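New page in the notebook. I'm opening this one up to see what I can look up, starting with a single element and then stepping back to the whole chain.

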Amino acid sequence: MSNKIPYRFYLSEDQMPKAWYNLRADMPEQPDPLLNPATHQPIKTEDLYPIFCEKLAQQETDSTTPYFEIPEPVREMYRIYRPSPLIRAYNLEKALDTPAKIYYKFEGNNTSGSHKLNSAIAQAYYAKEQGLTSLTTETGAGQWGTALSEACSYFGIPLTVFMVKVSYQQKPYRKAVMQTFDANVIPSPSDTTEVGRKILAENPNTTGSLGCAISEAVEKAVTTPGCRYVLGSVLNQVLLHQSVIGLECETAMNILGEYPDIVIGCAGGGSNLGGLIAPFMRDKLKGKHNPRIIAVEPASCPSFTRGRYAYDFCDTGHVTPLARMYTLGSEFIPSANHAGGLRYHGMSPILSKLYHDGYMEAVAVEQTKVFEAATFFAKHETILPAPESSHAIRAAIDEAIRCRETGEAKTILFGLTGTGYFDMVAYSSYHDGKMTDYIPSDADLQKGFDKLPKVD
(Lines give C-alpha, C1' and ligand atoms only; values in the text may rest on other atoms or scores of the structure.)
Protein backbone atom coordinates (compact mmCIF):
# COMPACT_ATOMS: atom_id res chain seq x y z
CA MET A 1 0.00 0.00 0.00
CA SER A 2 1.40 3.36 -1.02
CA ASN A 3 1.06 6.35 1.30
CA LYS A 4 2.04 8.93 -1.32
CA ILE A 5 -1.56 10.15 -1.26
CA PRO A 6 -2.62 11.08 2.30
CA TYR A 7 -5.56 9.45 4.01
CA ARG A 8 -7.25 12.83 4.33
CA PHE A 9 -6.62 15.64 1.89
CA TYR A 10 -7.79 19.16 2.71
CA LEU A 11 -7.81 22.10 0.36
CA SER A 12 -6.83 25.45 1.81
CA GLU A 13 -9.49 28.11 2.41
CA ASP A 14 -8.16 29.99 -0.60
CA GLN A 15 -8.91 26.95 -2.77
CA MET A 16 -12.55 26.79 -1.70
CA PRO A 17 -14.95 27.50 -4.62
CA LYS A 18 -15.85 31.15 -5.06
CA ALA A 19 -18.83 30.38 -7.29
CA TRP A 20 -21.48 27.68 -7.55
CA TYR A 21 -21.68 25.78 -10.84
CA ASN A 22 -24.99 25.59 -12.72
CA LEU A 23 -24.96 22.25 -14.57
CA ARG A 24 -27.98 23.22 -16.67
CA ALA A 25 -25.86 25.72 -18.58
CA ASP A 26 -23.97 22.81 -20.17
CA MET A 27 -26.84 20.37 -20.69
CA PRO A 28 -27.54 19.76 -24.41
CA GLU A 29 -31.26 19.50 -23.64
CA GLN A 30 -32.92 21.29 -20.75
CA PRO A 31 -35.29 19.70 -18.23
CA ASP A 32 -38.90 20.51 -18.99
CA PRO A 33 -40.16 23.66 -17.21
CA LEU A 34 -42.17 23.76 -14.01
CA LEU A 35 -45.89 24.07 -14.72
CA ASN A 36 -48.61 26.03 -12.98
CA PRO A 37 -50.76 23.35 -11.25
CA ALA A 38 -53.99 25.08 -12.27
CA THR A 39 -53.28 26.03 -15.88
CA HIS A 40 -50.47 23.60 -16.77
CA GLN A 41 -48.64 26.53 -18.37
CA PRO A 42 -44.88 27.07 -17.80
CA ILE A 43 -44.16 29.04 -14.66
CA LYS A 44 -42.36 32.37 -14.92
CA THR A 45 -39.73 33.42 -12.42
CA GLU A 46 -41.97 36.02 -10.81
CA ASP A 47 -44.69 33.40 -10.32
CA LEU A 48 -42.40 31.79 -7.71
CA TYR A 49 -41.91 34.96 -5.65
CA PRO A 50 -44.84 34.26 -3.27
CA ILE A 51 -43.22 30.90 -2.39
CA PHE A 52 -39.44 31.41 -2.63
CA CYS A 53 -37.00 34.24 -1.95
CA GLU A 54 -36.60 36.27 -5.13
CA LYS A 55 -32.89 35.48 -5.61
CA LEU A 56 -33.61 31.79 -5.15
CA ALA A 57 -36.50 31.91 -7.63
CA GLN A 58 -34.12 33.48 -10.14
CA GLN A 59 -31.56 30.72 -9.58
CA GLU A 60 -34.33 28.15 -9.91
CA THR A 61 -35.26 29.21 -13.43
CA ASP A 62 -31.85 30.24 -14.80
CA SER A 63 -30.56 27.71 -17.35
CA THR A 64 -27.88 29.83 -19.04
CA THR A 65 -25.64 31.32 -16.33
CA PRO A 66 -22.85 28.76 -15.73
CA TYR A 67 -21.55 30.21 -12.46
CA PHE A 68 -23.14 32.15 -9.59
CA GLU A 69 -20.83 34.00 -7.23
CA ILE A 70 -21.10 32.74 -3.66
CA PRO A 71 -21.91 35.76 -1.45
CA GLU A 72 -19.17 36.59 1.04
CA PRO A 73 -21.42 36.09 4.13
CA VAL A 74 -22.15 32.57 2.85
CA ARG A 75 -18.46 31.85 2.24
CA GLU A 76 -17.70 33.18 5.71
CA MET A 77 -20.00 30.60 7.28
CA TYR A 78 -18.73 27.91 4.89
CA ARG A 79 -15.25 28.50 6.29
CA ILE A 80 -16.38 27.13 9.66
CA TYR A 81 -16.51 23.61 8.19
CA ARG A 82 -15.28 23.83 4.61
CA PRO A 83 -13.39 22.77 2.63
CA SER A 84 -14.41 19.25 3.65
CA PRO A 85 -11.89 16.40 3.37
CA LEU A 86 -11.40 14.08 0.43
CA ILE A 87 -10.44 10.76 1.99
CA ARG A 88 -8.59 7.83 0.44
CA ALA A 89 -10.17 4.66 1.85
CA TYR A 90 -6.97 2.66 2.20
CA ASN A 91 -8.33 0.43 4.95
CA LEU A 92 -11.50 -0.33 3.01
CA GLU A 93 -9.44 -1.14 -0.09
CA LYS A 94 -7.29 -3.54 1.93
CA ALA A 95 -10.30 -5.23 3.53
CA LEU A 96 -11.86 -5.76 0.11
CA ASP A 97 -8.57 -6.92 -1.42
CA THR A 98 -9.34 -4.79 -4.45
CA PRO A 99 -7.05 -3.11 -6.98
CA ALA A 100 -9.51 -0.21 -7.08
CA LYS A 101 -8.65 3.13 -5.52
CA ILE A 102 -11.55 4.35 -3.40
CA TYR A 103 -12.06 7.98 -2.43
CA TYR A 104 -14.93 9.55 -0.55
CA LYS A 105 -15.91 13.13 0.08
CA PHE A 106 -16.94 13.47 3.74
CA GLU A 107 -19.63 16.07 4.42
CA GLY A 108 -20.31 15.23 8.08
CA ASN A 109 -17.86 17.65 9.72
CA ASN A 110 -20.44 20.17 10.90
CA THR A 111 -23.09 20.39 13.62
CA SER A 112 -25.89 19.40 11.27
CA GLY A 113 -23.96 16.22 10.46
CA SER A 114 -24.55 16.34 6.72
CA HIS A 115 -24.09 18.11 3.38
CA LYS A 116 -27.44 19.85 3.79
CA LEU A 117 -25.83 22.86 5.45
CA ASN A 118 -24.31 23.90 2.11
CA SER A 119 -27.70 24.95 0.75
CA ALA A 120 -29.28 25.87 4.10
CA ILE A 121 -26.76 28.66 4.63
CA ALA A 122 -27.37 30.05 1.14
CA GLN A 123 -31.15 29.98 1.47
CA ALA A 124 -31.18 31.54 4.94
CA TYR A 125 -28.79 34.25 3.74
CA TYR A 126 -31.00 35.21 0.78
CA ALA A 127 -34.04 35.32 3.09
CA LYS A 128 -32.20 37.65 5.45
CA GLU A 129 -31.01 39.82 2.57
CA GLN A 130 -34.60 40.17 1.31
CA GLY A 131 -35.83 41.19 4.77
CA LEU A 132 -38.10 38.20 5.33
CA THR A 133 -39.27 37.61 8.90
CA SER A 134 -39.66 33.80 8.94
CA LEU A 135 -39.19 30.60 6.91
CA THR A 136 -40.89 27.22 6.70
CA THR A 137 -39.63 23.87 5.49
CA GLU A 138 -40.10 20.12 5.71
CA THR A 139 -37.67 17.41 6.75
CA GLY A 140 -37.66 13.63 6.44
CA ALA A 141 -34.83 11.96 8.30
CA GLY A 142 -34.08 15.31 9.94
CA GLN A 143 -30.81 16.27 8.30
CA TRP A 144 -32.26 19.16 6.31
CA GLY A 145 -34.30 20.46 9.21
CA THR A 146 -31.23 20.36 11.43
CA ALA A 147 -29.10 22.18 8.88
CA LEU A 148 -31.67 24.88 8.19
CA SER A 149 -32.29 25.38 11.90
CA GLU A 150 -28.58 26.05 12.34
CA ALA A 151 -28.43 28.43 9.39
CA CYS A 152 -31.57 30.34 10.43
CA SER A 153 -30.25 30.69 13.96
CA TYR A 154 -27.01 32.13 12.56
CA PHE A 155 -28.89 34.73 10.49
CA GLY A 156 -31.59 35.38 13.12
CA ILE A 157 -34.63 34.08 11.21
CA PRO A 158 -37.49 32.17 12.94
CA LEU A 159 -38.11 28.73 11.38
CA THR A 160 -40.97 26.23 11.41
CA VAL A 161 -40.09 22.65 10.43
CA PHE A 162 -42.72 20.08 9.45
CA MET A 163 -41.05 16.74 10.17
CA VAL A 164 -42.37 13.49 8.64
CA LYS A 165 -44.26 11.84 11.52
CA VAL A 166 -42.50 8.48 11.40
CA SER A 167 -39.11 10.19 11.52
CA TYR A 168 -40.32 12.51 14.30
CA GLN A 169 -41.09 9.38 16.30
CA GLN A 170 -37.99 7.38 15.32
CA LYS A 171 -35.43 10.19 15.57
CA PRO A 172 -36.23 12.35 18.61
CA TYR A 173 -32.66 13.56 18.93
CA ARG A 174 -32.80 15.24 15.54
CA LYS A 175 -35.80 17.14 16.85
CA ALA A 176 -33.81 18.09 19.95
CA VAL A 177 -30.97 19.51 17.84
CA MET A 178 -33.43 21.58 15.80
CA GLN A 179 -34.95 22.91 19.00
CA THR A 180 -31.46 23.78 20.25
CA PHE A 181 -31.31 26.21 17.32
CA ASP A 182 -34.81 27.57 18.21
CA ALA A 183 -36.78 25.88 15.43
CA ASN A 184 -40.45 25.05 15.93
CA VAL A 185 -40.74 21.35 14.99
CA ILE A 186 -44.17 19.90 14.11
CA PRO A 187 -44.89 16.23 13.22
CA SER A 188 -46.50 16.00 9.77
CA PRO A 189 -49.27 15.64 8.86
CA SER A 190 -50.55 17.92 11.60
CA ASP A 191 -53.72 19.75 12.58
CA THR A 192 -52.00 23.13 12.22
CA THR A 193 -52.72 23.47 8.49
CA GLU A 194 -55.74 22.96 6.26
CA VAL A 195 -53.95 20.42 4.08
CA GLY A 196 -52.67 18.56 7.13
CA ARG A 197 -56.18 18.28 8.58
CA LYS A 198 -57.46 17.00 5.23
CA ILE A 199 -54.77 14.30 5.02
CA LEU A 200 -55.47 13.22 8.61
CA ALA A 201 -59.21 13.06 7.93
CA GLU A 202 -58.58 10.72 4.99
CA ASN A 203 -55.99 8.59 6.79
CA PRO A 204 -55.82 9.21 10.56
CA ASN A 205 -53.05 6.62 11.06
CA THR A 206 -50.74 7.82 8.31
CA THR A 207 -47.02 7.82 9.11
CA GLY A 208 -46.54 10.82 6.84
CA SER A 209 -44.31 11.50 3.87
CA LEU A 210 -42.13 14.27 2.54
CA GLY A 211 -44.94 15.12 0.13
CA CYS A 212 -47.29 15.69 3.10
CA ALA A 213 -44.75 17.81 4.95
CA ILE A 214 -44.02 19.92 1.86
CA SER A 215 -47.73 20.67 1.46
CA GLU A 216 -47.97 21.90 5.04
CA ALA A 217 -44.81 23.98 4.83
CA VAL A 218 -45.89 25.66 1.57
CA GLU A 219 -49.35 26.43 2.97
CA LYS A 220 -47.87 28.08 6.04
CA ALA A 221 -45.46 30.08 3.90
CA VAL A 222 -48.06 31.49 1.52
CA THR A 223 -50.53 32.32 4.34
CA THR A 224 -48.01 34.00 6.66
CA PRO A 225 -46.87 37.60 5.93
CA GLY A 226 -43.10 37.94 5.47
CA CYS A 227 -42.64 34.17 5.27
CA ARG A 228 -41.24 32.00 2.48
CA TYR A 229 -40.73 28.30 1.91
CA VAL A 230 -37.32 26.68 1.43
CA LEU A 231 -36.53 23.12 0.32
CA GLY A 232 -33.45 20.97 0.95
CA SER A 233 -33.40 18.83 -2.17
CA VAL A 234 -34.91 18.27 -5.65
CA LEU A 235 -34.93 21.92 -6.74
CA ASN A 236 -32.46 23.34 -9.26
CA GLN A 237 -31.30 26.00 -6.78
CA VAL A 238 -30.37 23.32 -4.22
CA LEU A 239 -28.27 21.34 -6.68
CA LEU A 240 -26.58 24.63 -7.58
CA HIS A 241 -25.55 25.29 -3.96
CA GLN A 242 -24.44 21.69 -3.44
CA SER A 243 -22.03 21.95 -6.38
CA VAL A 244 -19.40 23.04 -3.83
CA ILE A 245 -19.04 19.32 -3.04
CA GLY A 246 -18.09 18.31 -6.56
CA LEU A 247 -16.03 21.42 -7.23
CA GLU A 248 -13.89 20.75 -4.17
CA CYS A 249 -13.52 17.12 -5.27
CA GLU A 250 -12.43 18.22 -8.72
CA THR A 251 -9.78 20.60 -7.37
CA ALA A 252 -8.46 18.08 -4.84
CA MET A 253 -8.26 15.24 -7.33
CA ASN A 254 -6.49 17.48 -9.85
CA ILE A 255 -3.86 18.30 -7.22
CA LEU A 256 -3.49 14.59 -6.45
CA GLY A 257 -3.22 13.69 -10.13
CA GLU A 258 -6.41 11.62 -10.04
CA TYR A 259 -9.71 11.46 -11.93
CA PRO A 260 -12.62 9.16 -11.07
CA ASP A 261 -13.64 6.37 -13.41
CA ILE A 262 -16.80 5.89 -11.35
CA VAL A 263 -18.74 8.51 -9.34
CA ILE A 264 -21.37 7.20 -6.94
CA GLY A 265 -23.94 9.06 -4.87
CA CYS A 266 -27.05 8.21 -2.89
CA ALA A 267 -30.26 9.49 -4.42
CA GLY A 268 -33.41 10.58 -2.63
CA GLY A 269 -34.38 13.94 -4.05
CA GLY A 270 -30.97 14.52 -5.64
CA SER A 271 -29.18 17.25 -3.66
CA ASN A 272 -26.02 15.36 -2.69
CA LEU A 273 -25.83 13.39 -5.93
CA GLY A 274 -26.31 16.49 -8.07
CA GLY A 275 -23.69 18.43 -6.14
CA LEU A 276 -21.12 15.62 -6.16
CA ILE A 277 -21.35 14.82 -9.86
CA ALA A 278 -21.66 18.41 -11.18
CA PRO A 279 -18.12 18.99 -12.58
CA PHE A 280 -17.70 15.37 -13.65
CA MET A 281 -21.03 15.38 -15.48
CA ARG A 282 -19.92 18.66 -17.09
CA ASP A 283 -16.82 16.87 -18.39
CA LYS A 284 -18.96 14.00 -19.64
CA LEU A 285 -21.36 16.32 -21.44
CA LYS A 286 -18.46 18.17 -23.06
CA GLY A 287 -16.68 14.97 -24.09
CA LYS A 288 -13.58 15.66 -21.97
CA HIS A 289 -13.96 12.51 -19.84
CA ASN A 290 -16.44 9.67 -19.66
CA PRO A 291 -16.90 8.60 -16.02
CA ARG A 292 -19.65 6.17 -15.07
CA ILE A 293 -22.08 8.03 -12.81
CA ILE A 294 -24.24 5.86 -10.58
CA ALA A 295 -27.25 6.93 -8.51
CA VAL A 296 -28.10 4.59 -5.63
CA GLU A 297 -31.61 4.59 -4.21
CA PRO A 298 -33.56 2.44 -1.72
CA ALA A 299 -35.49 -0.52 -3.10
CA SER A 300 -38.42 0.60 -0.94
CA CYS A 301 -38.62 4.01 -2.68
CA PRO A 302 -37.29 3.32 -6.21
CA SER A 303 -37.99 6.56 -8.10
CA PHE A 304 -35.33 6.13 -10.79
CA THR A 305 -35.40 2.39 -11.29
CA ARG A 306 -39.15 1.80 -11.17
CA GLY A 307 -40.71 5.26 -11.38
CA ARG A 308 -42.36 7.00 -14.32
CA TYR A 309 -40.81 9.94 -16.15
CA ALA A 310 -43.79 12.25 -16.03
CA TYR A 311 -45.13 15.54 -14.73
CA ASP A 312 -46.16 15.24 -11.11
CA PHE A 313 -46.84 17.33 -8.05
CA CYS A 314 -43.89 17.81 -5.71
CA ASP A 315 -46.23 17.42 -2.71
CA THR A 316 -49.13 15.30 -1.52
CA GLY A 317 -51.53 18.22 -1.11
CA HIS A 318 -51.11 19.28 -4.75
CA VAL A 319 -50.30 22.92 -4.01
CA THR A 320 -46.82 23.03 -5.58
CA PRO A 321 -45.89 23.46 -9.24
CA LEU A 322 -45.72 20.38 -11.46
CA ALA A 323 -42.25 19.07 -12.27
CA ARG A 324 -41.30 16.53 -14.91
CA MET A 325 -39.26 13.96 -13.06
CA TYR A 326 -38.97 10.29 -12.26
CA THR A 327 -41.76 9.78 -9.76
CA LEU A 328 -43.70 7.13 -7.86
CA GLY A 329 -46.69 9.43 -7.58
CA SER A 330 -47.12 12.28 -5.13
CA GLU A 331 -49.25 10.18 -2.78
CA PHE A 332 -46.67 7.38 -2.45
CA ILE A 333 -45.69 6.76 1.16
CA PRO A 334 -42.73 4.47 1.88
CA SER A 335 -43.22 1.61 4.31
CA ALA A 336 -42.84 2.63 7.96
CA ASN A 337 -40.11 -0.02 8.34
CA HIS A 338 -37.89 1.91 5.94
CA ALA A 339 -35.13 3.42 8.09
CA GLY A 340 -32.61 4.52 5.49
CA GLY A 341 -33.83 7.99 4.55
CA LEU A 342 -34.19 8.91 0.87
CA ARG A 343 -37.97 8.81 1.25
CA TYR A 344 -39.09 11.31 -1.41
CA HIS A 345 -41.50 10.13 -4.11
CA GLY A 346 -39.72 11.97 -6.95
CA MET A 347 -36.29 12.94 -8.19
CA SER A 348 -34.62 16.19 -9.20
CA PRO A 349 -35.76 17.32 -12.67
CA ILE A 350 -32.10 17.91 -13.64
CA LEU A 351 -31.03 14.41 -12.64
CA SER A 352 -34.20 12.91 -14.09
CA LYS A 353 -33.43 14.45 -17.47
CA LEU A 354 -29.80 13.29 -17.38
CA TYR A 355 -30.87 9.77 -16.44
CA HIS A 356 -33.61 9.73 -19.06
CA ASP A 357 -31.08 10.79 -21.72
CA GLY A 358 -28.64 8.05 -20.74
CA TYR A 359 -25.88 10.05 -19.05
CA MET A 360 -26.09 8.20 -15.74
CA GLU A 361 -27.07 4.85 -14.25
CA ALA A 362 -29.22 3.93 -11.26
CA VAL A 363 -29.42 0.96 -8.92
CA ALA A 364 -31.80 0.17 -6.06
CA VAL A 365 -30.64 -1.66 -2.93
CA GLU A 366 -32.43 -3.26 0.04
CA GLN A 367 -31.89 -1.65 3.43
CA THR A 368 -30.42 -4.75 5.11
CA LYS A 369 -27.68 -4.75 2.47
CA VAL A 370 -27.24 -1.01 3.04
CA PHE A 371 -26.69 -1.46 6.77
CA GLU A 372 -24.41 -4.43 6.14
CA ALA A 373 -22.23 -2.10 4.05
CA ALA A 374 -22.50 0.68 6.66
CA THR A 375 -21.25 -1.63 9.41
CA PHE A 376 -18.41 -2.96 7.28
CA PHE A 377 -17.37 0.57 6.36
CA ALA A 378 -17.49 1.80 9.96
CA LYS A 379 -15.24 -1.02 11.15
CA HIS A 380 -12.56 -0.15 8.61
CA GLU A 381 -12.86 3.62 8.15
CA THR A 382 -13.86 4.56 11.76
CA ILE A 383 -16.78 6.76 10.67
CA LEU A 384 -20.36 5.73 11.43
CA PRO A 385 -22.08 6.67 8.16
CA ALA A 386 -25.58 8.01 7.74
CA PRO A 387 -28.02 5.43 6.34
CA GLU A 388 -28.50 7.64 3.28
CA SER A 389 -24.76 7.73 2.57
CA SER A 390 -24.56 4.00 3.10
CA HIS A 391 -26.49 3.41 -0.11
CA ALA A 392 -23.51 4.88 -1.95
CA ILE A 393 -21.13 2.83 0.22
CA ARG A 394 -23.00 -0.34 -0.78
CA ALA A 395 -22.56 0.41 -4.47
CA ALA A 396 -18.92 1.46 -4.03
CA ILE A 397 -18.13 -1.82 -2.27
CA ASP A 398 -19.88 -3.75 -5.03
CA GLU A 399 -17.89 -1.91 -7.70
CA ALA A 400 -14.63 -2.50 -5.80
CA ILE A 401 -15.40 -6.23 -5.58
CA ARG A 402 -16.09 -6.23 -9.31
CA CYS A 403 -12.66 -4.69 -9.84
CA ARG A 404 -11.15 -7.48 -7.73
CA GLU A 405 -12.87 -10.06 -9.90
CA THR A 406 -11.84 -8.45 -13.20
CA GLY A 407 -8.44 -7.16 -12.12
CA GLU A 408 -9.32 -3.60 -13.23
CA ALA A 409 -7.76 -0.82 -11.13
CA LYS A 410 -10.60 1.68 -11.33
CA THR A 411 -10.69 4.92 -9.37
CA ILE A 412 -13.96 5.17 -7.45
CA LEU A 413 -15.33 8.35 -5.85
CA PHE A 414 -18.42 8.34 -3.67
CA GLY A 415 -20.19 10.85 -1.46
CA LEU A 416 -20.32 10.28 2.29
CA THR A 417 -23.10 12.76 2.96
CA GLY A 418 -23.00 12.66 6.74
CA THR A 419 -22.83 10.75 9.99
CA GLY A 420 -25.27 8.22 11.44
CA TYR A 421 -25.16 9.12 15.10
CA PHE A 422 -28.84 10.14 15.14
CA ASP A 423 -29.83 6.88 13.46
CA MET A 424 -29.03 4.45 16.25
CA VAL A 425 -32.58 3.07 16.37
CA ALA A 426 -32.05 1.85 12.82
CA TYR A 427 -28.58 0.52 13.57
CA SER A 428 -29.94 -1.30 16.64
CA SER A 429 -32.73 -2.78 14.54
CA TYR A 430 -30.15 -4.12 12.11
CA HIS A 431 -27.84 -5.54 14.77
CA ASP A 432 -30.75 -7.12 16.66
CA GLY A 433 -31.91 -8.88 13.50
CA LYS A 434 -35.22 -7.03 13.49
CA MET A 435 -34.65 -5.04 10.31
CA THR A 436 -36.57 -6.28 7.30
CA ASP A 437 -36.66 -5.33 3.65
CA TYR A 438 -39.70 -3.95 1.92
CA ILE A 439 -39.98 -3.80 -1.84
CA PRO A 440 -43.23 -2.38 -3.20
CA SER A 441 -45.06 -4.57 -5.66
CA ASP A 442 -45.98 -3.43 -9.16
CA ALA A 443 -49.55 -3.17 -7.93
CA ASP A 444 -48.45 -0.91 -5.05
CA LEU A 445 -46.68 1.42 -7.47
CA GLN A 446 -49.50 1.39 -10.00
CA LYS A 447 -51.78 3.07 -7.44
CA GLY A 448 -49.48 6.09 -7.54
CA PHE A 449 -49.10 6.05 -11.30
CA ASP A 450 -52.88 5.99 -11.76
CA LYS A 451 -53.11 9.34 -9.95
CA LEU A 452 -50.45 11.18 -11.95
CA PRO A 453 -51.85 14.45 -13.31
CA LYS A 454 -52.92 14.47 -16.92
CA VAL A 455 -50.70 16.92 -18.75
CA ASP A 456 -51.00 17.47 -22.51
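I went to helix 4 and found it largely enclosed by the rest of the structure, because 11 of its 14 residues are buried. The model is a predicted one, so I keep that in mind throughout. For this count I took buried as under 20% relative accessible area.

Which residues of helix 4 are buried? I noted a run from Leu 117, Asn 118, Ser 119 and Ala 120 through Ile 121, Ala 122, Gln 123 and Ala 124 to Tyr 125, Tyr 126 and Ala 127.

Next I looked up what they pack against. The partners of these buried residues are strand 2 (19-21) and strand 6 (134-139), plus helix 1 (54-61), helix 2 (72-78), helix 5 (143-155) and helix 10 (236-256).

I checked the length of helix 4 (residues 117-130) too. At 1.5 Å a residue it should span 20 Å, and its end C-alpha atoms are 20 Å apart, which agrees. Just after the helix, I saw Gly 131 with a positive phi of about 85°.

Then I stepped back to the chain. I counted 17 helices and 15 strands. Its C-alpha atoms fill a box of roughly 60 × 50 × 45 Å along the principal axes.

Of the 456 residues, 62% count as buried. Among contacts between residues at least 6 apart in sequence, I found that 76% join residues at least 24 apart.

Last entry: I logged 43 positive and 51 negative side chains, with the centres of the two sets 3 Å apart.

Methods
Residues are numbered from 1 along each chain as its sequence is written. This is a predicted model: local features need pLDDT of at least 70, side-chain atom pairs count only at pLDDT 80 or more; totals for chains, interfaces and linings use all residues. Side-chain values use heavy atoms; hydrogens and water are left out. Helices (H or I, at least four residues) and strands (E, at least two) are DSSP runs, numbered from the N terminus. Buried means under 20% relative accessible area, exposed over 50%, partly exposed in between (1.4 Å probe, protein chains only). Contact means heavy atoms within 4.5 Å. Lys and Arg count as positive and Asp and Glu as negative; His and the chain ends are not counted. The place of a charge is taken as NZ of Lys, CZ of Arg, CG of Asp or CD of Glu. The expected span of a helix is 1.5 Å times one less than its number of residues.
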